[in-house]
Amino acid sequence: MNANIIAGLVALVLVLTCGVLEVVLLKNAYDELHEECLEVIAASDAETLSEARFDEFRERWVRLRETSELLLPHVDVYEINLRFAEAEAYVRQGDYKQVTAQLSVVEELLDYVPHLMIPNIKHIL
């Protein structure tokens, strides 16, 4: 009986540790992408945002999206994805005001979404 309890406790500690590490690493990745988003918005405002720079930014999002779809509500991740798609079309057209508008929503979501990963009594109720 004692061995079963110890094995259960070890498994619980491992699961909790992996969960905490995953949340911390994912939150840090969102924070980094948020900072990059602010830089891309600034480039859009200055009308110096190139397609290549935007593509690099979007590729970082795609890598993060693939990881975060496991933990986060799909609706929020999907909304960020849609805004990226719209912004990409505006970048191709050179419509910097619309790029900034779309990326402003992305910026807000990149700031908001990570808090959904952190267990909170408000999320449960």
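**Exercise 1. Arg 92 and Glu 88**

Find how far apart Arg 92 and Glu 88 are in helix H3, and say what separates them in helical turns.

*Solution.* 
Step 1. Arg 92 and Glu 88 are four residues apart in helix H3, so about one helical turn separates them. Helices (H or I, at least four residues) and strands (E, at least two) are DSSP runs, numbered from the N terminus.
Step 2. Their side chains meet in a salt bridge, 2.8 Å from N to O. A salt bridge is a side-chain nitrogen of Lys or Arg within 4 Å of a carboxyl oxygen of Asp or Glu.
Step 3. Recall the general idea: side chains of opposite charge can pair when their charged atoms come close.

Before going on, note the ground rules. This is a predicted model, in which local features need pLDDT of at least 70, side-chain atom pairs count only at pLDDT 80 or more, and totals for chains, interfaces and linings use all residues. Residues are numbered from 1 along each chain as its sequence is written, and side-chain values use heavy atoms, with hydrogens and water left out.

**Exercise 2. Glu 36 and its surroundings**

Decide whether Glu 36 is buried or exposed, and list its contacts beyond its sequence neighbours.

*Solution.* 
Step 1. Locate Glu 36: its place is in helix H1.
Step 2. Read its accessibility. At 7%, Glu 36 counts as buried.
Step 3. Leave aside neighbours within four places in sequence. Glu 36 is then in contact (heavy atoms within 4.5 Å) with Arg 53, Glu 56, Phe 57 and Arg 60.
Step 4. Look at Arg 53. Its side chain meets that of Glu 36 in a salt bridge of 2.8 Å, N to O. Arg 53 sits in helix H2 and Glu 36 in helix H1, 17 residues apart. Arg 53 is partly exposed, at 24%.
Step 5. Widen the view. The structure holds twelve salt bridges. Those that share partners join Glu 32, Glu 36, Glu 39, Arg 53, Glu 56 and Arg 60 into one network.

**Exercise 3. H1 against H2**

Describe how helix H1 (residues 2–45) and helix H2 (residues 51–68) cross.

*Solution.* 
Step 1. Take the axes. They come within 11 Å and cross at roughly 160 degrees. Axes are lines fitted to C-alpha atoms, for helices over the stretch in contact, and angles run from 0 to 180 degrees between N-to-C directions.
Step 2. Name the arrangement. H1 is roughly antiparallel to H2. Angles under 35 degrees count as roughly parallel, over 145 as roughly antiparallel, 65 to 115 as roughly perpendicular and the rest as oblique.
Step 3. H1 passes H2 in a left-handed crossing. Left-handed means that the near helix is turned anticlockwise from the far one by less than a right angle, and right-handed clockwise.
Step 4. Sort the contact residues. They are nine nonpolar, two polar and six charged. Ala, Val, Leu, Ile, Met, Phe, Trp, Tyr, Cys and Pro count as nonpolar, Asp, Glu, Lys and Arg as charged, and the others, Gly among them, as polar.

**Exercise 4. H1 against H4**

*Solution.* 
Step 1. The crossing of H1 and H4 is left-handed.
Step 2. The contact has eleven nonpolar, four polar and three charged residues.

Methods
Buried < 20%, exposed > 50% of the residue type's maximum accessible area, 1.4 Å probe, protein only.
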